Amino acid sequence: MAKKRITLRGISGVHRAPSHDDSGPHAIEATEHDRELRMGAELAQAGQVEAAIARYEAATSLAPPGDLRALTALELLYAHEGDAEAVSDAIGRQIVATAEPRLRARLWRRRAQLYRDVLHREAETYRCLKEAHAADPDDTNIAYELRAVAMARGEWSLTADLIQREIAAAGTARDRGALHLELALVYDEKLLDPEQARVHYETAITYDPGIPAVPRPLARIYELAGRYRDAADLLEQAAPRAAAADRPALLARAAADAARAGQRERAVELSHAAAAAADEVGNREAAGRARAEAARLTAEPEHDAAMAREAAEREAELTRAIAAADGAAMENAARNLVALQPGHPHAFRILFERAEARSDWAAAADLLSSRASAEADPTEQASQWFELGRLHLERRADPRAARAAWERALAADAGFAPALDALAELAYRERDLATAADLYARLPVNASRLPGEVLMLRRAELAEALGDDARALTLAQGAARINPSRRDVYATCARLAQKLGDLDAAIRASRSALELIVPDDVEAVTAARYDLAELCRRAGDTIGAVYYHELVLAEEPHHARALEALTELYVERGNWGGAARALRTLAGLTGAPDRKAALLHRLGELTLARLGDVAAADDAFLRASDLDPAHVPTLRRLIDVYWRADDPAALLDVAQDLHRGGNLLDAQTGKATLARALVTAASQLAMNLASSLATYLADETAPRVAAALTELVGRSGELTLEVATGALADLAQRGHGPPPVAVAAAARTGADPAGVEVARAFGA
């Protein structure tokens, strides 16, 4: 968040209080409040921001109800510091302290803008805008911003409510028409409510008769309702305003609707118009189809007069039954009329509603099947087969029959989206993965009943199940682009990227997922940061790994796995102090004695070798030994610990224990440690052990022993240089140790005064 310059006007104006009654019980408190405000403003203007913040924080506790000056100043100061989280908190505190609804709405909106533009938290933006709208439902700016977010999130019911409010506040008929069109599209394409869509399409065209986007979708709804004449009128009106390439299809569709409405001559005229429009754009195939349809309609003989009279009589019979409200007669008349004209909309609706009321789904299915079979228009036929499939699945629990009906819908219109969607869902539920994947691939994202990102995730899931992980990742990333506010989408991207070994993509997705977690959900934030740290570590990004693991510990200081990982990372980066702190904390958390002993031994090694703190190292080794007396690496180090502590008896006990276990004369025991053990064994008259050590060290015995003896120069206590040289001379006389002359010569090799002192002790 970029820093903002604190203006004198912005801060100095904060301490000017609204009028208060100084005679009331808050008089002293208000005076102190004003003093804190004044001092805060002076400190802020002097550039002492932290001190100013402290003063304003003090002022908040003294503020009378509804006085937001201190909190407003804090908001300005935190904005200057670039601390967006603190700005959000300051606005939140203003909201809590505010009772007036419109002011609360403005504050919620300001907080939403901060989350949207600076912190990039879409979920929090949405929540704040909903609160703002609840506080002031009539604010059109808030409603518009909330609608934009709701649409991005697929919250279509809320979107519809918000558009309704915008319509009520619209100033012109043209604006109201445009908003009714938007609302109709929501009902039509998202909420799948054709009746409401029809109402708002018709209202839109009433307010703005020239609106170009209404006729085609409204005509489709009229067709579904059997209002073919109205549909033909709309399509004919839409054709002149449409692009030249679209006109032939619109006029051909209008001709088909006119024919279904019984307007044969008009249908022929529209077919000729469609052919002419196709010729204008060079579409010979469409022109040929239109002329053929015109020829068919012209040549088709007129209905037999008797049949026409029969149809008219049956319609009249139905009309009389309706007027008499005679249910049985209505049903009988409708059945007679449907037998002659299966697509008759009114008769069909009566029979279908009667079957629906009796839950006679077999009869309802027969009606839909007859109507679909009699339908000539491919799209309308596909729609009827689709409805039949829905009835089989939802009312008759017969997925096999539903599948057959939807397949017939696709046979009529291969691109009919509702049938593709339904068949894909059915195949998915039945785990026919290959079929489901193929159908979902054919389904346009904006045509599915599923939100766009859910459809893309479904495709990704199927691709992964079929073994195409690379395509699955691409599809999941597409879902994230459609709706970047869903954490689970990014989690899927991260998992798939890890599966493919694309750690950079996994890290990017994990970071995006982390940003979407509400800060108050500490457990989720901590878990996500740990996973991201481990991803960075696997990718070789040690800086990122350390950063996220340290954030984990900031929230949860005793997170064992993060401490273990940080120990390794600190060692890798040479941060020895950090590694020691992590090991020390980890050892304090560990309950199992053997595990704790191993950690303390490691701490001792690190402290000794990298930090040079001998005392701290010895303490760690001793504590480890107390916890696990049989821990061999620690026992080896205890030889050096007791050597430095001048405790030859304890040293000899440790050395003998190691020797009995076969762990002393071993490559894991340092040569310097073995030399110290040899000197101690000789001084303690453990000649067999000393002899074994001398034999193991072989040609290195003299120089190693000389080095050990230099460490005794100037030491007083139980094991001194004089005691050690005497014991070694005695060991040599028995033929089990290095000759004193060789040790003295090795000691004199360097110009070290301690070496000279060792040689002098041997009389050399």
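Predicted model: local features only at pLDDT ≥ 70, side-chain atom pairs only at ≥ 80, totals over all residues.
Residues are numbered from 1 along each chain as its sequence is written, and side-chain values use heavy atoms, with hydrogens and water left out.

Let us stay with the aromatic rings for a moment. Rings of Phe, Tyr and Trp (its six-membered ring) pair if their centres lie within 6.5 Å; planes under 30 degrees apart count as stacked, over 60 as edge-to-face and the rest as tilted. By this rule there are 4 aromatic pairs. One of them joins Phe386 and Phe416, which are edge-to-face because their ring centres are 6.2 Å apart and their planes stand at 65°. This pair links distant parts of the chain, 30 residues apart: Phe386 sits in helix 21 (residues 378–394), and Phe416 in the loop between helix 22 (399–412) and helix 23 (417–429). Helices here are DSSP runs (H or I, at least four residues), numbered from the N terminus. Phe386 is buried at 12% relative accessibility, and Phe416 is buried with a relative accessible area of 12%. Tyr547 has a ring partner too: its ring centre is 4.9 Å from that of Tyr548 and the planes are at 75°, so this pair is edge-to-face. Tyr548 is buried, with a relative accessible area of 10%. Back at the phenylalanines, ring pairs link Phe386, Trp406 and Phe416 into a cluster.

Charged side chains come next. Side chains of opposite charge can pair when their charged atoms come close. A salt bridge is counted when a side-chain nitrogen of Lys or Arg lies within 4 Å of a carboxyl oxygen of Asp or Glu, and the count comes to 55 salt bridges. In one of these, the side chains of Glu75 and Arg110 meet at 2.8 Å, N to O. Glu75 belongs to helix 4 (residues 69–81) and Arg110 to helix 6 (residues 101–119), so the bridge ties together parts that are 35 residues apart in sequence. Glu75 is buried, with a relative accessible area of 12%, whereas Arg110 is partly exposed at 33% relative accessibility.

Another salt bridge, at 3.8 Å from N to O, joins Asp246 and Arg216. Asp246 lies in the loop between helix 13 (228–238) and helix 14 (247–260), and Arg216 in helix 12 (residues 215–224), so parts 30 residues apart in sequence are tied together. Asp246 is partly exposed, with a relative accessible area of 34%, and Arg216 is partly exposed at 34% relative accessibility. Further along, Glu700 and Arg704 form a salt bridge (3.2 Å, N to O); Glu700 is partly exposed at 31%, and Arg704 is partly exposed at 30%. Salt bridges also link Glu605, Arg637, Asp640, Arg676 and Glu711 into a network.

What about charges without such partners? Asp520, Asp521, Glu523 and Glu556 gather in a patch of negative charge on the surface. Such a patch is made of residues with over 30% relative accessible area and no salt bridge, with like charges joined within 9 Å. Glu523 is in helix 29 (residues 522–538) and is exposed at 68% relative accessibility.

The backbone has two spots worth a look. Most residues other than glycine have a negative phi. Ala397, not a glycine, has a positive phi of about 50°; Ala397 lies in the loop between helix 21 and helix 22 and is exposed, with a relative accessible area of 63%. Asp646, also not a glycine, has a positive phi of about 55°. Asp646 lies in the loop between helix 35 (632–644) and helix 36 (648–660), and is buried, with a relative accessible area of 18%.

Leu340, in helix 18 (residues 327–340), has its C-alpha atom 9.0 Å from that of Arg314, 26 residues apart along the chain. Ser512, in helix 28 (residues 503–515), and Ala292 are 220 residues apart in sequence and 58 Å apart in space, C-alpha to C-alpha.

Key:
Patch = residues over 30% accessible without salt bridge, like charges linked within 9 Å, V, L, I, M, F, W, Y side chains within 5 Å. Areas by Shrake-Rupley, 256 points an atom, 1.4 Å probe, with all protein chains shown as cover. Lys, Arg positive; Asp, Glu negative; His and termini not counted. Charge placed at Lys NZ, Arg CZ, Asp CG, Glu CD. Helix = DSSP H or I, 4+ residues; strand = E, 2+ residues; numbered from the N terminus. Buried < 20%, exposed > 50% of the residue type's maximum accessible area, 1.4 Å probe, protein only.
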